[in-house]
Amino acid sequence: MSVTYIDAIHQAMAELLAEDPTVFLYGEDIAGTFGGAFKATKGLAAQFPGRVLNAPIAEDAIMGTAIGAALAGMKPIVEMQFADFGTLAQNQLANNAAAHYYRTGVPVNVTLRMPCGGTPGGGPYHSQSVEALFAHYPGVHVLTPATVADAYYMLKQAVQIPDPVVFMEHKFLYRWLKADTWVEQDPLPIGKARIARPGEHASVVAFSAMVPEVLKAADELAATSGYNIEVVDLRSVKPLDTNTILASVARTGRLLVVSEDFPWGGVAAEVIARVASEGLHLLDAPPLRLTSKDTPIPYHPDLWRAHRPSAATITQAVRYLCSL
Amino acid sequence: MQSAALKAYRAMVMARAFDTKLSALYKAGKIFGGVFLGRGHEAIGACEATFLTKGKDVYNPFIREQAGRCAWGSPVLDSARCYFGSREGIMRGRDGNVHWGVPQEGVPAPISHLGAMLSVVAGMLLAKRMQGITDCVGVACIGDGTTSVGATHEACNMIAVEKLPIVIVVTNNQFAYSTPNAQEFACGSLTERGKGYGMTTHECDGTDFLQTLETMRLATENARKGLGPQWVVANTLRMCGHGEHDDATYIPQELKDRFADRDPLAVARRQMLQQGWLTEEEADRIDTECADEVQRSVAQAQREATPDPATEDWSATSWKPSR
């Protein structure tokens, strides 16, 4: 019996609804028997009558409504159908929700779930990774779970955080990523990165669906070249656990950051900026980044695979990094 | 109606006194940012908020709603503190001018992005419905320019779909900053927009105090009774610039002349006297009381400490990861 990443998200929401009467779900196509474009909320509308609400196609208003509900004492969990459409909610999230605590002293307890990242055939508007875009604004936390257990625990923790939380669910991981259970003995708190695989020759920092790609690359490198890389799973891009990254770089002396988002001002740029400014002396070679290309995300699976980092390009990048 | 009229009238007088003082302070260089007055809007603001109860209902004032804030029950001291960035103020110098609110009391803090607050008001009312709190309403205020914004359409449609008890007050002051109605929308009247959303619509002359009061009373009562969202178009002219930096030369002189004897405050005083709801002496006393309160509030806000960058808490979130 195995569970998937999306099972963990469904379970977390079911438990949150059961445990806290102020939690409700709001989004497009999530209610009724339909249960959302990816079925993350399937069955919850029947199980929790009146607490799983369909919204018109109006991302700005969905987010604004969630903000208002939070101000009136609720804990809304909003689903964007795709993270790409989350950009339409960004006005409300960034200018209203994120700015609210500093302006007024009142935090806005909204959780914004966004299916992000690429899948074959997804094309330019159903594939984007917008973590950096949201993390840019002060006042938000941006979570990027890469394991089944993290999907479960981090969503549950997200709703307990009184501030706006952007919860990025990678849609490729939804049904591809499996585990025996979502239960973990000692789940990490939000804000801590995880050493997904200890190593010595280079630190490879990744998050979300790039973590399994990097782990695959690590196996390949260990089997073929003897390079033993340390894999750091960020878990959240904001807060960014600079301490764990720097400690890893101190052990290995080399850094590669792998990210599925676009290169300009992306998460990889932020990680490298921090390591360069706080730990340049720890590096034995220039820090490298591997991101998607600086073009819109292509539709054809062959173009798409070439557009984003993969185990093969990660392996190649590590070999280059270790040769420097 | 007399007590509602008195409450609204007093709010108008207070708002005008405060606005007049603000204008002088702006011209003396005492205000950091912009100053936005409500001349011509006072009857609309005061009447829309008069039928609301602080702590129970929701009120979302817009840029020219000082009269509404007064009618809602906010002391002018709160407004003065916000303009001066006082450390004692609700926004503590972190936001200024008209951008203040007390969400715990039912007034969300407005942001500059037009139309954005409509869905926030919707969410507050949706939450109350989910919490089983009935008999409350929300008043959300926008202007003619805001009806062009996408967020407005999204929110109004959603409010109508959910049949939320919200009165949307559209103050048509004929100019969105410098842009006249003809360049802002092509439909015959803004009232048609409300009909398009499936809302009950109302229209009034926003310079006519008693007409505006009756329109707001009816709209608020309808919403409170569960008759769904109400769309009120209140027509006036902005009798000042967009802000005090703006001399409004783009408003044609003949239009200004046409509204010269329609100052809502003068109309209201006349109507109150005609109704026998106020005597000349009482009206004069209200003028004096309001002028004194404005003077006291402004002096206090000016005296108070301003925020200190060295001790400022620069956290943007209430939660922080443990390290």
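**Exercise 1.** In what order do the seven strands of the open sheet in chain A lie, and which sense of pairing do they show?

*Solution.* The model is a predicted one. Reading across the open sheet of chain A, the strands follow the order E3-E2-E4-E5-E7-E6-E12, and their pairing is mixed. The next step is to find the edges, which are strand E3 (52–54) and strand E12 (236–238) of chain A, since each of these pairs on one side only. From one strand to the next, the twist averages 20 degrees.

**Exercise 2.** Determine how strands E6 and E7 of chain A pair, and state which helix lies across them.

*Solution.* Begin with the two strands: E6 (residues 141–143) and E7 (residues 165–170) of chain A are joined by three bridges, and the sense of their pairing is parallel. Within this pair, Leu143(A) has Phe167(A) of E7(A) as its bridge partner. Then turn to helix H7 (residues 148–160) of chain A, which lies across E6 and E7 and also across strand E2 (23–27), strand E4 (75–79) and strand E5 (111–116) of chain A. Its direction makes an angle of about 160 degrees with E7(A).

**Exercise 3.** Describe the contact between chains A and B, with attention to what chain A supplies.

*Solution.* Count the residues on each side: chain A brings 37 residues to the contact and chain B brings 32 residues. On the side of chain A that touches chain B, helix H3 (59–71) and helix H5 (90–104) of chain A each supply at least two residues, and H3(A) gives the most, with nine residues.

Note on methods:
Residues are numbered from 1 along each chain as its sequence is written. Chains are lettered from A and ligands numbered from 1 in the order in which they are written. This is a predicted model: local features need pLDDT of at least 70, side-chain atom pairs count only at pLDDT 80 or more; totals for chains, interfaces and linings use all residues. Two strands pair if DSSP finds at least two bridges between them. Helices (H or I, at least four residues) and strands (E, at least two) are DSSP runs, numbered from the N terminus. Axes are lines fitted to C-alpha atoms, for helices over the stretch in contact, and angles run from 0 to 180 degrees between N-to-C directions. Two residues are in contact if their C-beta atoms, placed from the backbone, lie within 7 Å.
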